[in-house]
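Visitor: Could you walk me through this one slowly? I am new to reading structures.
Guide: Of course; ask whatever comes to mind as we go.

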Amino acid sequence: MQTAKQATKQIIDHVSDQATWDDIMYELYVKQKIEKGLSAIEEGRVISNEDAKKRLLGNDG
């Protein structure tokens, strides 16, 4: 797995030369959220789609 520094360098190398600070920060934010999600999956911290629907709707369906 990449270090945060390595991932940041990779993102910076792949964004457009016209990228703004906001563009770069957004890319870093998305990368961080994806890695957290993948980590949660590996650790088994997931729920089924049906349970997610129940939570979001606040009822049984």
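Guide: Let us begin with the largest pocket, where helix 1 (4–14) and helix 2 each supply at least two residues of the lining; helices here are DSSP runs of H or I with at least four residues, numbered from the N terminus. This is a predicted model, in which local features need pLDDT of at least 70 and side-chain atom pairs count only at pLDDT 80 or more, while totals for chains, interfaces and linings use all residues. Residues are numbered from 1 along each chain as its sequence is written, and side-chain values use heavy atoms, with hydrogens and water left out.

Visitor: What volume does the largest pocket have?
Guide: The largest pocket has a volume of about 150 Å³, a volume being the space filled by probe spheres set on grid points that are joined across faces, edges and corners. A pocket is an open set of points on a 1 Å grid over the protein atoms alone, where a 1.4 Å probe fits, with protein on both sides within 12 Å along at least five of seven lines, and lining residues have an atom within 4 Å of a point.

Visitor: And which residues line it, by class?
Guide: The lining of the largest pocket has four nonpolar, four polar and two charged residues, and among them are Thr-8, Ile-11, Lys-31 and Glu-35. In this scheme Ala, Val, Leu, Ile, Met, Phe, Trp, Tyr, Cys and Pro count as nonpolar, Asp, Glu, Lys and Arg as charged, and the others, Gly among them, as polar.

Visitor: Is Thr-8 buried, or partly exposed?
Guide: Thr-8, which lies in helix 1, counts as partly exposed because its relative accessible area is 27%, where buried means under 20%, exposed over 50% and partly exposed in between, with a 1.4 Å probe and protein chains only.

Visitor: Switching topic, how many salt bridges are there?
Guide: A search of the whole structure finds two, a salt bridge being a side-chain nitrogen of Lys or Arg within 4 Å of a carboxyl oxygen of Asp or Glu. Lys-31 pairs with Glu-35, their closest N and O atoms being 3.2 Å apart, and Arg-45 pairs with Glu-43 at 2.7 Å.

Visitor: Where do Lys-31 and Glu-35 lie?
Guide: Both lie in helix 2, four residues apart, about one turn of the helix. Lys-31 is partly exposed because its relative accessibility is 29%, whereas Arg-45 and Glu-43 are exposed.

Visitor: Last one: where does Gly-58 sit?
Guide: Gly-58 lies in the segment after helix 3 (49–57), and it counts as exposed because its relative accessibility is 63%. Gly-58 and Ala-19 are 39 residues apart in sequence and 41 Å apart in space, C-alpha to C-alpha.
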